[in-house]
Amino acid sequence: MRPPAKLADLRSRIDLVDRELVKLLLQRFELVGQILEEKRNSHLPIRDAQREKEILEKLSRAVASAPCMEELVSIFQGILKVSCEYMQKKDRVDKAGSGD
């Protein structure tokens, strides 16, 4: 059974948003890789809890009136967690590949 036309249209619009989100997340991970390089060059730790706190506080203020504020904060917490894990993994792989 096919969904009603309006439902199909809404799902199609969500698909477009999802494609844009993927593009933006790929850009973000490219930047995360560059940040890892800068942290290595500056001998800084991968995780910066203060920076993460600032990001989440700024986000919370920006979406304070949104009905889905908690969900957005949760999504960003996940993005920050995965970004840190990605940097740690990339660091290990890069070091193993270079023989360090």
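View 1. Leu21 is found in helix H1; helices (H or I, at least four residues) are DSSP runs, numbered from the N terminus. The model is predicted, local features need pLDDT of at least 70, side-chain atom pairs count only at pLDDT 80 or more, and totals for chains, interfaces and linings use all residues. Residues are numbered from 1 along each chain as its sequence is written, and side-chain values use heavy atoms, with hydrogens and water left out. Leu21 counts as partly exposed because its relative accessibility is 44%. Buried means under 20% relative accessible area, exposed means over 50%, and partly exposed lies in between (1.4 Å probe, protein chains only). Together with Val17 and Leu25, Leu21 forms a nonpolar patch on the surface, and the three have about 240 Å² of accessible area together. Patches are made of residues with over 30% relative accessible area and no salt bridge; like charges are joined within 9 Å, and nonpolar side chains (Val, Leu, Ile, Met, Phe, Trp, Tyr) within 5 Å. Accessible areas come from the Shrake-Rupley method with a 1.4 Å probe, and for residues only the protein chains shown count as cover.

**View 2. His43 in the loop between H1 and H2.** The loop between H1 and H2 holds His43. This residue is not a glycine, yet His43 has a positive phi of about 55°. With a relative accessible area of 73%, His43 is exposed.

View 3. The expected span of a helix is 1.5 Å times one less than its number of residues. Glu52, Ile55, Leu56 and Leu59 are the buried residues of H2. They lie on the same side of H2, because they cover an arc of only 90° around the axis. The arc is that of the directions from the helix axis to the C-beta atoms. Lys58 and Arg61, on the other side of H2, are exposed. H3 is included in what covers the buried residues of H2; contact means heavy atoms within 4.5 Å.

**View 4. Helix H3 and its buried residues.** Helix H3 takes in residues 69-98, and at 1.5 Å a residue these 30 residues should span 44 Å; the end C-alpha atoms are 43 Å apart, which agrees. The buried residues of H3 are Val73, Ile79, Leu80, Ser83, Cys84, Met87 and Asp91. Their cover includes helix H1 (5-41) and helix H2 (49-62). Val82 also lies in helix H3, but Val82 counts as partly exposed, at 39% relative accessibility. Val82 and Lys23 are 59 residues apart in sequence, and their C-alpha atoms are 16 Å apart in space.

**View 5. The salt bridge between Lys81 and Glu85.** A salt bridge is a side-chain nitrogen of Lys or Arg within 4 Å of a carboxyl oxygen of Asp or Glu, and the structure holds 10 of them. In the one between Lys81 and Glu85, the closest N and O atoms are 2.6 Å apart. Both residues lie in helix H3, 4 residues apart, about one turn of the helix. Lys81 counts as exposed at 52% relative accessibility, whereas Glu85, at 36%, counts as partly exposed.

**View 6. A network of salt bridges that includes Asp94.** Salt bridges link Glu37, Arg40, Lys90, Asp91, Asp94 and Lys95 in a network. Asp94 pairs with Lys90 in a salt bridge, with the closest N and O atoms 3.3 Å apart. About one helical turn separates Asp94 and Lys90, as they are 4 residues apart in helix H3. Asp94 is partly exposed at 28% relative accessibility, and Lys90 is partly exposed with a relative accessible area of 25%. When residues up to four places away in sequence are not counted, Asp94 touches Glu37 and Arg40. Lys95 and Asp91 form a salt bridge in which the closest N and O atoms are 3.2 Å apart. These two residues are likewise in helix H3, 4 residues apart, separated by about one helical turn. Asp91 is buried, with a relative accessible area of 12%, whereas Lys95 is partly exposed, with 39%.
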